[in-house]
Amino acid sequence: MMNGNGAATVATPKTGLKKITTSDKHDGICQDMAAPTVQVQTIDELHSLQKKRSAPNTPIKGIPGALAAISEEERQNNQLQSISASLASLTRETGPKVVRGDPANKSSNITTPKAQHHHHHIAAPTISISDSSLKFTHILYNLSPAELYEQAIKYEKGSFIASNGALATLSGAKTGRAPRDKRVVKDDETSDVLWWGKGSPNIEMDEHTFMVNRERAVDYLNSLDKVFVNDQFLNWDPENRIKVRIVSARAYHSLFMHNMCIRPTPEELENFGTPDFTIYNAGQFPCNRYTHYMTSSTSIDLNLARREMVILGTQYAGEMKKGLFSVMHYLMPKRQILSLHSGCNMGKDGDVALFFGLSGTGKTTLSTDPNRYLIGDDEHCWTETGVSNIEGGCYAKCIDLSKEKEPEIWNAIKFGTVLENVVFDEHTREVDYADKSVTENTRASYPIEYIPNAKIPCVGPHPKNVILLACDAFGVLPPVSKLNMAQTMYHFISGYTALVAGTEEGVKEPRATFSACFGAAFIMLHPTKYAGMLADKMEKHGATGWLVNTGWSSGSYGSGSRIKLAYTRKIIDAIHSGSLLKAKYKTTEIFGLEIPLEVEGVPSEILDPINTWSDKKAYKDTLLKLAGLFKNNFEVFTEYKIGNENKLTEEILAAGPNF
């Protein structure tokens with residue numbers, strides 16, 4: 001019914017409610033702008049409009065600006081064929097049936113992959129049966145952090161978004177690496193090349209046992225409805241980068257490796273092809289403890305001939321990172337490239353410094369310098385052209401993290417970062433970095449570009465300074481010493497630091513810890529091989545070696561005090577600037593170290609540790625005790641050979657403590 005003004009009126013009901021008036025005028029209380037409806041028939045189709053996908057174009061080699069014509073369907077088929085081959089069981093002629101996309105994204109009307117190749121997620125028919133050869137395995141390929149967040153939150157118990165935007169998740173029963181469960185296949189290729197025996201981190205296994213574990217991992221992954229696949233790179237040096245493929249069952253693991261490896265561009269993915277190395281992470285599934293060589297339900301297995309790694313019985317993501325680092329410690333020296341467990345930064349004038357140090361020595365703190373560019377915090381290569389970071393991200397410890405002490409790391413924990421095993425408030429999701437309820441080994445994994453002063457690409461010229469860090473809790477090593485080449489090799493091979501009471505149960509006094517090359521758990525060759533390469537490169541490029549003690553002065557732990565971080569920073573600054581090379585030096589007893597008489601900003605009396613001890617006899621006794629520990633540790637290396645002469649020179653042995 002129309003009133004005189006052309007507006008529709010609604011008859012007043014008998015209840016006496018006020019009548020409703022509508023108008024097509026813009027000031028009406030109820031209006032419909034008559035916008036066109038979305039031209040879709042279902043909610044699924046509507047959701048598909050949200051997702052815009054742009055396909056990359058492969059450049060044609062040799063023709064600038066020209067692009068290869070390759071269809072999206074052909075590109076995906078090539079990728080899927082490669083992934084299927086990676087997942088192939090040795091007992092079948094072909095790999096599993098694989099299809100891209102999340103099985104949860106199927107619409108009610110199932111169609112074949114070919115009919116839907118233009119959509120972002122491909123729906124595939126699934127068969128409700130346990131036989132993996134009769135089912136499709138969905139491949140979630142190189143997902144973005146946002147997609148991986150969604151997968152983790154939806155399907156992985158213990159995954160939450162923290163208040164800082166990071167993905168907080170759990171690694172299960174294992175919250176650290178399991179070095180005693182890591183094994184390497186000993187075969188014709190590795191038996192005479194790798195470091196085996198006393199002191200070695202390489203525990204042997206045979207080819208057959210590896211294949212048993214590989215089949216177990218592959219069968220487990222193939223039995224799942226979906227697996228995550230990352231195709232990425234190692235090494236920022238384009239001439240020596242390695243293609244790696246990681247197949248895993250958890251979004252957490254996929255996001256972790258997205259951060260830790262170098263992320264390829266869409267164009268680089270098109271030409272990725274067959275990987276140089278593949279990880280099968282079936283960590284949710286245990287190994288068979290009745291299998292030969294197995295000593296627990298965990299097994300991390302490397303086969304260098306097959307270029308494969310298998311993970312069973314541990315979900316700790318660091319196993320993947322360090323497993324690949326072990327691989328690089330094998331592959332790079334074969335190319336005459338030195339692989340290094342070190343931090344690395346560069347000054348504004350292009351001067352590069354390497355920082356070696358075990359846990360607690362200050363490697364991360366001192367290499368992450370706001371006044372210098374960060375090339376990397378942990379893993380590097382030294383090539384004929386300079387240094388390059390192996391990784392695309394950082395894996396920082398979070399225990400007791402604070403914005404005041406480590407602002408760069410604090411600010412890097414945001415969307416895209418994986419927070420591992422942290423504790424947070426149930427309501428606010430604010431992280432309590434001091435809480436060790438789950439583990440003391442809480443970690444954050446983030447892309448290196450989250451550090452504001454990161455140098456991208458992560459490469460630099462040849463290092464000028466090689467800094468060996470030791471936290472000497474005995475209190476007898478000088479705050480800084482200039483090393484000759486033989487001393488640099490001796491202390492590099494030794495890899496010394498000290499544990500103090502409180503860091504480990506049962507430690508009541510300082511305890512010396514030695515880790516060859518400052519990373520014995522990851523090296524594959526004998527430590528003297530890496531030391532020889534380091535000496536050659538330092539001599540060729542004029543680098544200087546330094547031993548910096550970030551530990552105690554005025555006495556051992558418990559009686560003395562730790563050297564102030566401000567003094568250590570002044571020492572590092574003097575090394576970077578070159579001023580410390582011009583200082584006057586004197587030589588200490590026993591260790592024969594050259595120590596400067598003065599360093600700007602550092603009290604001169606602390607530069608020689610004997611000055612800070614009131615009890616000189618106690619100093620001498622403690623010094624001799626530490627010297628004896630060095631000698632005992634080095635005995636394992638004295639029979640090994642190095643260089644063309646294939647003999648560890650007397651000069652290196654003489655560079656150790658003399659008493």
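This is a predicted model: local features need pLDDT of at least 70, side-chain atom pairs count only at pLDDT 80 or more; totals for chains, interfaces and linings use all residues.
Lys182 sits in strand β5, which covers residues 182-185. The residue is buried, yet Lys182 has no salt bridge. Which side chain of opposite charge is nearest to Lys182? That side chain is Glu319, at 6.5 Å. A salt bridge would need a side-chain nitrogen of Lys or Arg within 4 Å of a carboxyl oxygen of Asp or Glu.

Now turn to the cysteines. How many disulfides does the structure hold? The number is zero. A disulfide is a covalent bond between the sulfur atoms of two cysteines. Here the cut-off for such a pair is 2.5 Å. Take Cys394 as a case. Its closest cysteine sulfur belongs to Cys458, 8.2 Å away, so the two are too far apart for a bond. Cys394 is also buried, with a relative accessible area of 2%. Cys381 counts as buried because its relative accessibility is 0%, and buried means under 20%.

Step back to the whole protein. The chain elements comprise 14 helices and 32 strands, and strand β5 with Lys182 is one of the strands. Of the 659 residues, 53% are buried; Lys182 and Cys394 are among them. Consider the contacts with a separation of 6 or more: 70% of these join residues 24 or more positions apart. The protein exposes about 30,800 Å². Carbon and sulfur atoms supply 52% of that area.

How values were computed: Residues are numbered from 1 along each chain as its sequence is written. Side-chain values use heavy atoms; hydrogens and water are left out. Helices (H or I, at least four residues) and strands (E, at least two) are DSSP runs, numbered from the N terminus. Buried means under 20% relative accessible area, exposed over 50%, partly exposed in between (1.4 Å probe, protein chains only). Lys and Arg count as positive and Asp and Glu as negative; His and the chain ends are not counted. Contact means heavy atoms within 4.5 Å. Accessible areas come from the Shrake-Rupley method with a 1.4 Å probe; for residues, only the protein chains shown count as cover.
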